[in-house]
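Here's a quick briefing on a fold, for anyone who likes the cut-offs spelled out. Have a look at the model first, then read on.

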Amino acid sequence: MTAETSQTLDRGLRVLKLLADTDHGLTVTELSTKLGVNRTVVYRLLATLEQHALVRRDIGGRARVGLGVLRLGRQVHPLVREAALPALRSLAEDIGATAHLTLVDGTEALAVAVVEPTWTDYHVAYRAGFRHPLDRGAAGRAILAARRGEADNPGYALTHGELEAGASGAAAPLLGVTGIEGSVGVVMLADSVPDRVGHRVMDAAKEVAEALR
């Protein structure tokens, strides 16, 4: 810790991170051990976080992330979208296809940013806010491949006709971005995706990941 930082705030943020990394919550004793502080400090931290609905405690006394984080999370998508737009515009213009950034939202894939090419006569209409199951479409499949540790072989996912008849998609996962699960991809009216498109999508995903770090 430096003179310019707050030890209490740092501990509170560490509590939130620890709780976010578990599905079963943590007890005061477990948090005390992980943080290296006494139980009294943990009680105070939890009480403060509970006041802001950032933490809740169940009947058994285990602390979990509270619904208040959702209100904060709603502001994340605009920031992520803004950071991704330059790479998406370049991708859409280069390939001549609709480019998109897709993030995980529960069990679904959610398109949070979409850029259409300006020079093509026609392209696939794909809108921000579009949702689909993670196991359908290139965007979701790329994310699932990254979860399984398969993102390096070949590094992108290809699909045809899974979300829209006659449309093909290519997507590569965002890698190395803490707290964000997503992919960058394109969708085009074609029977198949040219090889160069997959590699170009991977480059765009790397650009977006770097912008978000």
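The buried residues of helix H5 pack against S3, S4, S8 and H7, where contact means heavy atoms within 4.5 Å and buried means under 20% relative accessible area, with exposed over 50% and partly exposed in between (1.4 Å probe, protein chains only). This is a predicted model, so to speak of local features takes pLDDT of at least 70 and side-chain atom pairs count only at pLDDT 80 or more, while totals for chains, interfaces and linings use all residues. Residues are numbered from 1 along each chain as its sequence is written, and side-chain values use heavy atoms, with hydrogens and water left out. Helices (H or I, at least four residues) and strands (E, at least two) are DSSP runs, numbered from the N terminus.

**Helix H5**

- The buried set in H5 is Val-80, Ala-84, Ala-87, Leu-88, Leu-91, Ala-92 and Ile-95.
- H5 covers residues 76-95, 20 residues in total, and its first and last C-alpha are 28 Å apart, close to the 28 Å expected at 1.5 Å a residue (the expected span is 1.5 Å times one less than the number of residues).
- There's a bend of about 45° at Leu-85, with a proline, Pro-86, following within four residues; the bend is the angle between axes fitted to the seven residues ending at a residue and the seven starting there.
- Glu-82 also lies in H5, but this one is exposed, at 58% relative accessible area.
- Just after the helix, Gly-96 has a positive phi of about 75°.

**The sheet**

- Six strands make an open, antiparallel sheet in the order S5-S4-S3-S8-S7-S6, and two strands pair if DSSP finds at least two bridges between them.
- S5 (131-133) and S6 (157-160) are the edge strands, each with a single partner, so one side of each has no neighbour in the sheet.
- From one strand to the next, the twist averages 30°.
- S3 and S8 run antiparallel and are joined by six bridges, with Leu-103 opposite Gly-182 in S8.
- Seven bridges hold the antiparallel pair S3 and S4, and Val-104 has Ala-109 in S4 as its bridge partner.
- The S3 and S4 hairpin has two residues between the strands, and Gly-106 there takes a positive phi near 70°.
- S4 (residues 108-115) pairs with S5 over three bridges, again antiparallel; Glu-108 is partnered by Pro-133 in S5.

**Helices on the sheet**

- Helix H6 (residues 138-147) lies across S3 (98-105), S4, S5, S6, S7 (167-173) and S8 (182-189), at about 30° to S7.
- Helix H7 (residues 195-212) packs on the sheet too, touching S3, S7 and S8, with its direction at about 145° to that of S8.
- For these angles, axes are lines fitted to C-alpha atoms, for helices over the stretch in contact, and values run from 0 to 180 degrees between N-to-C directions.

- A polar atom of the Thr-98 side chain lies 2.8 Å from the backbone oxygen of Val-124.
- Beyond neighbours within four places in sequence, Thr-98 is in contact with residues including Val-114, His-123, Tyr-126 and Val-186.
- Thr-120, in the loop between S4 and S5, counts as buried at 18% relative accessibility.

Definitions and conventions:
A polar contact is a pair of N or O atoms within 3.5 Å; within protein, one must be able to donate a hydrogen and the other to accept it, and residues adjacent in sequence count only if both atoms are side-chain atoms.
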